[in-house]
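Me: I would like to go through this structure with you. Could we take it piece by piece?

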Amino acid sequence: MKFKKVLALLLALMLVVTVFAGCANNSGDTTTDTNNTTDTTNTTDTTDTTDTTDTTEATTIQVAAIETAYGADVWTEIANAFTEATGINVDLVVDRNLEDVIGPAMQGGDYPDVIHLATGREAGLTEQFIKDKNILDITDVLSMTVPGEDTIVSDKIAGGFTETSLTNPYGDGKTYLAPMFYSPCGLFYNAGLFAEKGWEVPQTWDEMWELGDKAMEEGIYLFTYPTTGYFDAFFYALMYVAGGPEFFNEATVYTEGIWDTEPAQTCFDIVEKLASYTNPITTAQANDQDFTMNQQLVLDNKALFMPNGTWIVGEMAEAPRADGFEWGMTALPAVTEGGDRYSYTWFEQMWIPAGAENPDAAKQFVAFMYSDVACEIFAKYGAIQPVLGIADTLEGDNKLFYSIYDDGAKAAMGNFAAYKSVAGLGTVREVFFDPVNSLVSGSITRDDWINGIKTASDQMRANLA
């Protein structure tokens, strides 16, 4: 009898212990971040549970960024700084062939929260997301306070960058892509060679052809290009040179009959003639793997000019070069003497897929890109954010490049309007720029190129997004 009473008492005590243990397990933070296995400090204070509604420390966003001339380390520093400022963890994916890395998962519906990948790449992934309207509206980010500061995002971004078709692709007054890493684009050359030869940088296209003939006598071609993708900034500036902003605005929405106008014919004439002055080895190397070989042609004095952006200095920093080499950059020449010269302002884009799992935290990451902390980190690697007053802090080659608009050149900005995906209709690059390879090799004619543009433009206009 006494044994039964003792047994009953022991069972009761065990039940009480079990209940209290269950309560204790349920009173803590249940939003444990399984992706952050290194943070074990959260268990040191079990008495203060008043901040259980703040789950930012348990949030992890995936950020996918293309590795360019700025390298991969910059993104590690940015991610760490963002986590320090917000408590939100970052799972980084950085690769030179980013589309190949994140593409398969996205086909299965698994999207990064933030993607840094510009338009104009061979794979056309960003353009595809634009066409399919699979990019999140981030207009509200402009009114957000920059993490770690007391300033709103719109007060930090330089004017015009959130008002172009590169960031507002649908013309609906909303921003979908955030501007990143702006760069004046133009024709880059060896200023040391020009000084040695006593050559003047051409101010008109007639002067450009004269220089091309003079250089060819010494075995130097006038022109090369890294890939046909680099013709976007070149062609946009050329449209401004040929017909000003009015022509550019009509052409980029595929206005009916626009390619039969005089400015359009001027653009086609210049590209056709430039193809005949291009180093013939260019086309074999004009791809995303070998493009630096074409850039090397300028460093080796085998071509005078190439279209590029300010990142070229970092990208070719370790490359061999001719004696006395010195970077130079000029805007596109004017059509006539005294006419306007233009330099396209190219910038990369960051965006949030519509299927992102953590859109609110992703927006905080985008907002952080314009913080003083982030801008300083980016600038250390040669990436310049489109933030007010940042040019005043530059020196060296960047001081030269970013002062191009102080030397008489006008800024060109914008691109072709987005259109819906249509079977058989290629990207802007495939229609307008990729055929330049065939123009250089002679496998198509000028008329073949123009007819392809006209046919595609009719479809693009009919399917504007």
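Me: In which sense do β1 and strand β2 pair, parallel or antiparallel, and over how many bridges?
Reply: This is a predicted model. In it, β1 and β2 (residues 89–95) pair in the parallel sense, over 7 bridges.

Me: And what is the bridge partner of Thr 60 in β2?
Reply: The partner of Thr 60 there is Asn 89.

Me: Which ones are they in α12?
Reply: The buried residues of α12 are Ala 361, Ala 362, Lys 363, Phe 365, Val 366, Ala 367 and Phe 368.

Me: New topic, Asn 168. Where is it placed?
Reply: Asn 168 lies in the loop between α4 (125–131) and β4 (178–190).

Me: Is Asn 168 buried or exposed?
Reply: Asn 168 has a relative accessible area of 13%. The cut-off for buried is under 20%, so Asn 168 counts as buried.

Me: How far apart are Asn 168 and Ala 178 in space?
Reply: Their C-alpha atoms are 9.3 Å apart, and the two residues are 10 apart in sequence.

Me: Last one: which residues gather in the patch of negative charge?
Reply: Glu 200, Asp 206, Glu 207, Glu 210, Asp 213, Glu 217 and Glu 337 form that patch on the surface. Of these, Asp 206 sits in helix α6 (residues 205–216).

Definitions and conventions. Residues are numbered from 1 along each chain as its sequence is written. This is a predicted model: local features need pLDDT of at least 70, side-chain atom pairs count only at pLDDT 80 or more; totals for chains, interfaces and linings use all residues. Side-chain values use heavy atoms; hydrogens and water are left out. Patches are made of residues with over 30% relative accessible area and no salt bridge: like charges are joined within 9 Å, nonpolar side chains (Val, Leu, Ile, Met, Phe, Trp, Tyr) within 5 Å. Accessible areas come from the Shrake-Rupley method with a 1.4 Å probe; for residues, only the protein chains shown count as cover. A salt bridge is a side-chain nitrogen of Lys or Arg within 4 Å of a carboxyl oxygen of Asp or Glu. Lys and Arg count as positive and Asp and Glu as negative; His and the chain ends are not counted. The place of a charge is taken as NZ of Lys, CZ of Arg, CG of Asp or CD of Glu. Helices (H or I, at least four residues) and strands (E, at least two) are DSSP runs, numbered from the N terminus. Buried means under 20% relative accessible area, exposed over 50%, partly exposed in between (1.4 Å probe, protein chains only). Two strands pair if DSSP finds at least two bridges between them.
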